[in-house]
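Hi,

Here is the structure I promised to pass on.

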Amino acid sequence: MHISKTLKKGSTMELPLDEEDGTFTNISLADDSEHLSGILSSKVERAPSTMMNADMDAVEAENQVELEEKTRLINQVLELQHTLEDLSARVDAVKEENLKLKSENQVLGQYIENLMSASSVFQTTDTKSKRK
């Protein structure tokens, strides 16, 4: 595969692309012997570059793992926040229901007291006055 590069004076030079790692091979415009030495030297220079790429791949993989862990933790925190909001809303609803039921119990208690006081069955009898 070749990539065309246009030079300042309008001439074009073909740059071979190394398909293994996507880097360009150095080309000298002087003569073919320099061209061959440039290709050889670029291959030799690429060996440490390959190790650096492997190190960079390891760092990128580690960064990817860290990113996935952060994403998982963020999602977990968000889920826990939603759960907390739901529980808080449920507590508020239960408190309101409790107040409503207390109020209803007071009303019913007062109603029952009124019925008992109005009924002769529940009237207190004075046993001393009947004996006399």
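**What I found**

Let's start with the charged pairs: the structure holds one salt bridge. By that I mean a side-chain nitrogen of Lys or Arg within 4 Å of a carboxyl oxygen of Asp or Glu. In general, side chains of opposite charge can pair when their charged atoms come close. Here the partners are Glu69 and Arg72, with their closest N and O atoms 2.7 Å apart. They sit three residues apart in helix H1 (residues 32-118), so about one helical turn separates them. Glu69 is partly exposed at 35% relative accessible area, and Arg72 is partly exposed too, at 43%. (Buried is under 20% relative accessible area, exposed is over 50%, and partly exposed is in between, using a 1.4 Å probe and protein chains only.)

Before you go further, some ground rules. This is a predicted model, where local features need pLDDT of at least 70 and side-chain atom pairs count only at pLDDT 80 or more, while totals for chains, interfaces and linings use all residues. Residues are numbered from 1 along each chain as its sequence is written, and side-chain values use heavy atoms, leaving out hydrogens and water.

Now the overall layout. The protein has two helices and three strands, in the order β-β-β-α-α along the sequence. (Helices are DSSP runs of H or I with at least four residues, strands are runs of E with at least two, and both are numbered from the N terminus.) Of the 132 residues, 7% count as buried. The accessible surface is about 11700 Å², with 59% of it belonging to carbon and sulfur atoms; that comes from the Shrake-Rupley method with a 1.4 Å probe, and for residues only the protein chains shown count as cover.

There's also a nonpolar surface patch of about 640 Å², made by Tyr111, Ile112, Leu115, Met116, Val121 and Phe122. Patch residues have over 30% relative accessible area and no salt bridge; nonpolar side chains (Val, Leu, Ile, Met, Phe, Trp, Tyr) are joined within 5 Å, like charges within 9 Å. Val121 lies in the loop between H1 and helix H2 (127-131) and is exposed, at 67% relative accessibility.

How confident is the predictor, and where? Mean pLDDT (its confidence in each residue, from 0 to 100) is 74, and 55% of residues reach 70 or more.

Cheers

Technical notes: pLDDT = per-residue confidence, 0-100.
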